[in-house]
Amino acid sequence: SDRTLFPHQITVMDLLLVAFAAKALIDLWRESSLLAGPRAYFEAWGGKIAELSGCGFCLSYHACFWLTVLGRLLAAVLPSWLGLGIFTVLLALAATGVTHLLLDLNDLILGRDDDDENDTDSATIQIRKNEEDDGG
């Protein structure tokens with residue numbers, strides 16, 4: 001059968017798809033409150049695991065590698081209709097990565113910092129409530 005999800009020759013579009021999907025996964029790992037527990041678990045191990053877990057630069061190598069390897073492997077062994085589902089997930093991740101990049105660029109242009117008062121995650125809200133209750 002003809003596999004078009006990850007063709008033998010990789011195009012620039014394939015590279016961009018993997019790069020932006022990797023950015024989205026790294027952002028999800030490093031910034032999502034949903035993954036705060038697993039992040040803390042790996043950071044508690046210390047050593048290289050903690051270093052890798054907290055380093056976006058380091059994670060980018062692994063995310064791109066595994067997205068490419070798993071994508072190619074799955075495209076080779078799964079039926080075409082299931083490959084379309086995998087491609088859709090990768091495309092959605094890539095779109096998320098582009099969106100994050102555009103938001104980061106917008107924040108840079110407007111001079112916003114990641115620690116601005118626009119943070120709405122539950123930990124930040126709780127810290128602010130505690131500071132208000134303490135009068136500080």
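This is a predicted model: local features need pLDDT of at least 70, side-chain atom pairs count only at pLDDT 80 or more; totals for chains, interfaces and linings use all residues.

Helices here are DSSP runs of H or I with at least four residues, strands are E runs of at least two, and both are numbered from the N terminus. On that basis the secondary structure of the protein comes to 6 helices and 0 strands, and reading along the sequence gives the pattern α-α-α-α-α-α.

Residues are numbered from 1 along each chain as its sequence is written, and side-chain values use heavy atoms, with hydrogens and water left out.

Now the overall picture. Of the 136 residues of the protein, 21% count as buried, where buried means under 20% relative accessible area, exposed means over 50%, and partly exposed lies in between, with a 1.4 Å probe and protein chains only. The protein exposes about 9800 Å², of which carbon and sulfur atoms supply 65%; the areas come from the Shrake-Rupley method with a 1.4 Å probe, and for residues only the protein chains shown count as cover. Taking contact to mean heavy atoms within 4.5 Å, among contacts between residues at least 6 apart in sequence, 68% join residues at least 24 apart.

Which residues touch the most other members of the largest nonpolar core? In that core of 13 residues, they are Leu67 and Leu90, a nonpolar core being a set of buried Ala, Val, Leu, Ile, Met, Phe, Trp, Tyr and Cys residues joined through side-chain atoms within 4.5 Å. Helix 1 (12-31), helix 4 (56-77) and helix 5 (80-110) each supply at least two residues of this core, and helix 1 gives the most, with 6 residues.

Let me turn to helix packing. Axes are lines fitted to C-alpha atoms, for helices over the stretch in contact, and angles run from 0 to 180 degrees between N-to-C directions. Angles under 35 degrees count as roughly parallel, over 145 as roughly antiparallel, 65 to 115 as roughly perpendicular, and the rest as oblique.

Helix 1 and helix 2 pack at an angle of about 80°, with their axes 7 Å apart, and are therefore roughly perpendicular to each other. Here Leu28, Trp29, Arg30 and Glu31 in helix 1 meet Pro38, Arg39 and Phe42 in helix 2.

The axes of helix 2 (residues 36-45) and helix 3 (residues 47-54) come within 6 Å and cross at roughly 140°, so this pair is oblique. On the helix 2 side the contact involves Arg39, Phe42, Glu43 and Trp45, which meet Gly47, Ile49, Ala50 and Ser53 in helix 3.

Helix 3 and helix 4 have axes that come within 5 Å and cross at roughly 90°, and they are therefore roughly perpendicular to each other. Leu52, Ser53 and Gly54 of helix 3 make this contact with Gly56, Cys58, Leu59 and His62 of helix 4.

Leaving aside residues up to four places away in sequence, Glu43 touches Ala50 and Ser53. The C-alpha atoms of Glu43 and Ser53 are separated by 6.8 Å, with the two residues 10 apart along the chain.
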